[in-house]
Amino acid sequence: MAGALPDVAQHDTFPKLLRYNAEHRSSLAAVREKDLGIWQTWTWADFCDAVRRLTAGMKALGLKRGEKIAIVGDNRPRLYFAMSAAQSLGAIPVPVYQDAVAEEMRFVLDHAEVAFIVAEDQEQVDKILSQKEHLPALRTVIYDDPRGMRDYNEPFLHAYDDVIGMGDEGAWDGEVDLGKGTDTAIILYTSGTTGTPKGVVLSYDNLVLCAKIGADFEKLRADEVVLAYLPMAWVGDNVLSYCQAHLVGFSFACPESPETVPHDLRELGPTYFFAPPRVFENLLTQVTIRMEDAAPLKQRLFRFFMNVANRAGAHILEGRKVGIADRLLYRLGEVFVYGPLKNVLGLSRLRVGYTAGEAIGPEIFRFFRSLGINLKQLYGQTEASVFVTIQANDDVRPESVGPPAPGVELRITEEGEVLYRSPGVFQEYYKNGEATAETKTSDGWVHTGDAGVIDGDGHLRIIDRAKDVGRLVDGTLFAPKYLENKLKFYPNIREAVTFGHERDFVTAMINIDMEAVGNWAERRNIPYSSYQELAARPEVLDIVEGNVSEFNAGLAADPQFAGSQIRRFVVLHKMLEADDGELTRTQKVRRRFIAERYAPAIEALYGGDDKIVLETPVTFEDGRSGTITGDLAIRDARVSEAGGERAAA
Amino acid sequence: MTRSGDILLSVKDISLRFGGVRALTDVSFDIHEGEIFAIIGPNGAGKSSMLNCINGFYHPQEGTITFKGEERRQMRPHEAAAQGISRTFQNIALFKGMTTLENVMTGRMLKMKASFVEQALYMLRGRQEEIAHREKVEEVIDFLEIQAIRKTPVGRLPYGLQKRVELARALAAEPELLLLDEPMAGMNVEEKEDMCRFVLSTNHELGTTIALIEHDMGVVMDLSDRVVVLDYGKKLAEGTPGEVRGNQDVIDAYLGVSHD
Amino acid sequence: MEILYLILIDPFVQMVDEPSFLVEVLIGGLTSGVMYSLVALGFVLIFKASGIFNFAQGIFVLFAALNFVGLMDLGVHPILAFVITIGIMTALAFAVDRLVLRPLVNQDPIILFMATIGIAFFLEGFGETLWGGDVRPVRVGIPDAALFWELGFGEILVQSADLFAGVIAAFLVTVLALFFHFTPVGRALRAVADDHQAALSVGIPLNNIWVIVWAVAGFVALAAGIMWGAKLGVQFALSTIALKALPVLILGGFTSIPGAIVGGLIVGAGEKLFENFWGVPLLGGATEDWFAYIVAMIFLFFRPQGLFGEKIIERV
């Protein structure tokens with residue numbers, strides 16, 4: 001199955017790779033989609049055929065070389081076809097986060113001056129129509145799913161099914177030949193933790209070379225199984241699904257719907273899989289809950305074999321020596337515990353699993369690796385066409401993100417900021433020369449904005465956002481993200497935001513984990529009907545206080561961070577939500593925004609009060625907004641003496 | 001403004017008594033093809049009784065019900081179902097031990113052509129049919145966006161989703177007339193909006209005629225083409241939402257209720 | 001102390017001393033347990049689908065067996081006799097539906113229960129009128145030989161008829177389980193068992209379902225009757241033995257098919273073990289008749305819904 005990869009000097013764009021695949025890998029599966037409960041497959045020949053027909057239609061509708069075409073929707077084969085058809089014509093696809101509200105979407109569509117939009121369904125079309133008057137460049141909207149579209153008769157609206165009937169399919173080859181590696185392949189808007197999104201311009205050379213670096217490094221094969229479930233607007237989906245599939249010839253599958261991803265995962269059993277740490281956290285939470293509800297015998301069995309896995313699992317995975325007894329027990333555990341567990345999680349066939357985007361809890365990371373799942377960390381950016389560092393199969397560590405990927409150079413500035421240079425380095429920020437100049441030096445080094453250190457073995461360790469690292473009044477280092485990530489390793493804590501820059505001490509606002517705490521509450525017959533109610537229960541505050549105090553004890557042992565123990569905290573009355581602007585679309589906290597909106601809470605944390613009434617705006621799923629008011633208790637956590645643990649020992 | 005076509009169901013002078021209690025008195029109205037028709041009224045006005053008469057759970061002592069031009073006085077629920085009347089219930093009547101998929105499959109029960117004996121033996125024809133029905137059911141599952149809970153026993157689902165599964169089961173029968181007994185009862189805002197969307201798209205895209213009972217006035221006014229108002233088992237008013245809203249009797253009836 | 005020794009220690013010493021005896025007792029217990037299971041199964045089917053506690057299920061066993069041996073005595077081939085008896089049981093199901101259930105629809109469960117008692121006495125008398133009151137042996141070609149099995153610890157004696165009965169029962173239960181879970185009618189049956197109102201609204205004709213359920217219960221009764229008949233001969237005492245299904249139901253839960261099976265096996269094995277290791281040495285035997293009821297009573301105290309039951313029954 002291995003088969004050599006196509007020559008990327010000759011096949012230097014994705015349409016060309018598609019043509020190569022249609023000739024040399026014609027009967028291999030390219031895309032799958034679960035439709036009406038059954039997995040449907042398109043081979044590379046089918047893929048190419050679909051793209052040919054759509055290209056002809058788009059050309060007939062007047063899409064021109066160099067124009068931008070937005071793609072809005074969940075991962076659907078037809079939206080990937082649209083991406084490919086646009087690239088065939090030399091137009092530039094601009095995938096847009098599908099859960100963005102209309103106004104957010106408008107910024108990107110307007111800034112990119114999109115002439116065409118391919119939208120998944122009525123929901124997306126409605127959003128676009130509501131902004132149409134602000135989008136002077138927009139000429140044509142194509143929609144995939146005709147459901148609910150019967151009464152729409154705007155002249156610029158076309159059904160996908162109608163478009164593929166238009167134009168001359170024969171023109172495709174000629175159009176593809178016109179493309180070259182230095183052309184712009186795609187513009188990906190990064191959500192950014194502050195300010196407005198920036199359009200990262202990536203060339204075919206960027207993407208094809210990076211895809212190849214990753215594929216060579218992991219020895220990817222044409223029989224990999226991949227689930228394309230992360231937003232199409234995110235560079236990870238583009239490179240790990242679309243680009244690498246084109247290069248290696250494997251197939252990627254689109255889930256039936258966003259809610260069915262866990263089922264689809266189980267059915268498919270991917271061999272190559274990416275998920276942000278959050279997903280792994282959720283999986284572990286589910287396992288823990290299920291085990292707590294299981295029969296005592298099962299629980300004991302689980303605990304016993306997880307101990308074995310803890311001792312031996314990672315060593316076996318990385319090919320190191322393990323005692324004969326543990327090796328045998330691990331085998332037995334595979335039969336009784338690990339195997340069934342991996343099967344339930346849909347990870348039993350996994351060869352290469354990546355997590356990135358944020359730090360993953362070491363316990364979580366070790367848990368999956370001890371089961372024999374090859375989960376690795378990588379460090380990447382949209383601006384790098386993903387790969388900056390990757391962990392090698394035989395050298396995986398929870399606390400660092402690995403050495404530079406092949407072809408990548410890395411260095412750290414005086415201020416501690418991480419810089420890199422690689423073949424994947426982006427061309428520019430679209431229509432934003434100022435930001436481009438700030439980020440990319442003239443000799444091709446890119447500022448990541450992350451603070452980090454390189455350890456003795458050349459592994460990169462990320463501490464925080466460079467600009468977020470601050471100092472307490474007494475000069476102690478304050479790295480909020482480092483603290484928050486450590487806090488979030490407690491299953492009860494879903495989200496945390498810490499404050500401390502130019503303050504006397506550190507405080508935190510916390511979201512509890514509804515699933516973990518809710519389950520805990522149910523087992524203790526503590527009644528609640530909503531997040532707000534649960535978060536206000538004194539019993540819940542007690543366990544969170546316990547977690548924070550324990551967290552403080554841990555920090556106290558580290559001289560660098562002993563001063564940034566959390567003195568006071570508050571559990572918020574609502575979840576921080578992307579819809580309310582409090583998180584980015586990739587679920588990162590927007591620190592400054594939160595600091596402004598929750599200013600009264602912060603003042604209370606630093607004041608002497610032990611409670612505060614807080615009113616905050618919320619946006620409901622339908623786009624309407626309202627406010628939610630809560631009575632919040634502020635708690636003090638136990639602070640440990642610096643170096644306390646060591647002193648005790 | 002209504003899209004109404006011919007009369008699909010005609011209720012004439014229906015009276016229903018339980019012992020000495022009069023639940024309905026001389027109620028008449030027509031439901032037209034393709035419309036969303038709402039039956040509203042204060043608690044105890046006889047709305048659910050009316051629905052139960054239409055689908056054959058109750059047999060009115062007087063009056064006639066004409067469905068698709070056929071008049072009938074006594075009809076059993078499964079006969080009503082066979083004629084193309086599906087319904088949901090105020091208090092959700094799902095098969096709690098079965099999965100979503102199995103529940104929706106039961107909605108196809110009447111469409112199964114193979115004889116009961118053939119089905120019992122599950123012979124070739126029964127099996128082919130099962131596959132064909134499964135396809136139809138998958139369309140309904142797709143339509144109502146409940147793919148993720150296909151294999152979940154419905155007893156474990158939250159209330160809002162159970163209501164949706166119940167609607168799915170009713171739709172699986174491809175009804176001509178769909179009766180919804182308080183489809184939004186007990187739902188939160190978000191669930192209500194979803195349900196409204198599904199009711200509307202059922203009406204628009206599948207062309208199903210819908211008769212519904214609902215307490216939430218906002219929902220009724222938004223959704224329905226025509227409304228009949230019942231109070232103490234009698235018809236108080238009938239017309240478009242606008243007409244009914246302005247009717248003094250209706251206002252009085254509702255004001256009277258809002259005090260208890 | 002002596003008595004404690006006899007109760008707590010001695011029986012187990014015996015079991016270890018004579019493992020082949022223990023195994024024989026167990027096998028004997030399990031095979032009669034299978035019979036209890038089959039009768040209980042009939043109860044559960046009807047109870048699940050219609051909420052009726054069918055007192056006549058025990059008589060069904062007898063009646064089916066009577067018809068079967070009666071036909072065979074007339075010279076009918078066993079297979080044909082089997083088919084005809086199924087026909088009779090189906091006709092009986094129809095008759096029960098038309099003459100008893102429909103007129104009494106929406107009545108209190110207790111009324112329906114009384115009606116089934118009526119059915120029971122009618123069938124008992126009717127059966128006797130038709131076929132007479134003699135004990136009749138069943139000869140359907142079930143091989144009845146004593147087999148000696150050499151196990152590691154000694155030799156045991158097994159009746160081939162017992163084995164045969166076990167296999168048939170297992171087969172029957174499997175078929176029923178498949179039928180319930182994978183066929184449209186099975187789904188309809190489960191639907192009716194779950195929620196009558198909802199079942200009606202999707203167009204499941206309740207009466208047809210009831211006929212099917214009663215017919216299936218009749219079929220199960222026939223299977224139980226043949227096997228029991230092969231063991232003990234078809235006699236009117238069968239109907240009282242069939243009432244052993246009651247403690248089985250309490251153990252297993254009134255609405256659970258697996259409960260009926262497991263409950264039957266537990267009762268069967270339990271009463272034989274108790275009789276042989278405690279009953280005979282301590283009480284002089286004859287504990288088999290009441291042991292199951294005592295167990296059932298203890299169960300009622302601690303787990304009234306049974307091993308597999310869903311909550312407590314409200315209908316009877």
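Among contacts in chain B between residues at least 6 apart in sequence, 69% join residues at least 24 apart; two residues are in contact if their C-beta atoms, placed from the backbone, lie within 7 Å. This is a predicted model, in which local features need pLDDT of at least 70 and side-chain atom pairs count only at pLDDT 80 or more, while totals for chains, interfaces and linings use all residues. Residues are numbered from 1 along each chain as its sequence is written, and chains are lettered from A and ligands numbered from 1 in the order in which they are written.

Let us stay with chain B for a moment. Chain B has 10 helices and 10 strands; these are DSSP runs numbered from the N terminus, with helices being H or I of at least four residues and strands E of at least two. The C-alpha trace spans about 60 × 40 × 35 Å along the principal axes of chain B. For 260 residues, a compact globule would have a radius of gyration near 18 Å, and the 19 Å of chain B agrees with that. The radius is taken over C-alpha atoms, and the globule rule is 2.2 Å times the number of residues to the power 0.38. Of the 260 residues of chain B, 45% count as buried. A residue is buried if 20 or more other C-beta atoms lie within 10 Å of its own, exposed if 12 or fewer, and partly exposed in between, with C-beta atoms placed from the backbone.

Now look at where chain B meets chain A. Here 12 residues of chain B are in contact with 12 residues of chain A. On the chain B side, the elements giving two or more residues are α5 (124–143) and α7 (189–205) of chain B, and α7(B) provides the largest share, five residues. By class, this side of chain B has two nonpolar, two polar and eight charged residues. Ala, Val, Leu, Ile, Met, Phe, Trp, Tyr, Cys and Pro count as nonpolar, Asp, Glu, Lys and Arg as charged, and the others, Gly among them, as polar.

The largest nonpolar core has 167 residues, and C:Val61, C:Ala65 and C:Val213 have the most contacts inside it. Such a core is a set of buried Ala, Val, Leu, Ile, Met, Phe, Trp, Tyr and Cys residues joined through C-beta atoms within 7 Å. Helix α9 (residues 206–232) of chain C gives the most to this core, with 20 residues. Leaving aside neighbours within four places in sequence, the contacts of C:Val61 include C:Val39, C:Ala221, C:Trp228 and C:Leu238.

Among the buried residues are A:Tyr482, A:Glu484 and A:Lys486. The cover over them includes β23 (493–499) and α19 (538–556) of chain A.

Finally, turn to the strands of chain A. An open sheet of three strands has the order β8-β9-β18 (chain A), with antiparallel pairing; two strands pair if DSSP finds at least two bridges between them. Its edge strands are β8 (184–190) and β18 (428–429) of chain A. A:Val201 stands opposite A:Glu428 in β18(A). Elsewhere, β16(A) and β17(A) form a hairpin with four residues between them, and A:Gly416 in the turn has a positive phi of about 95 degrees.
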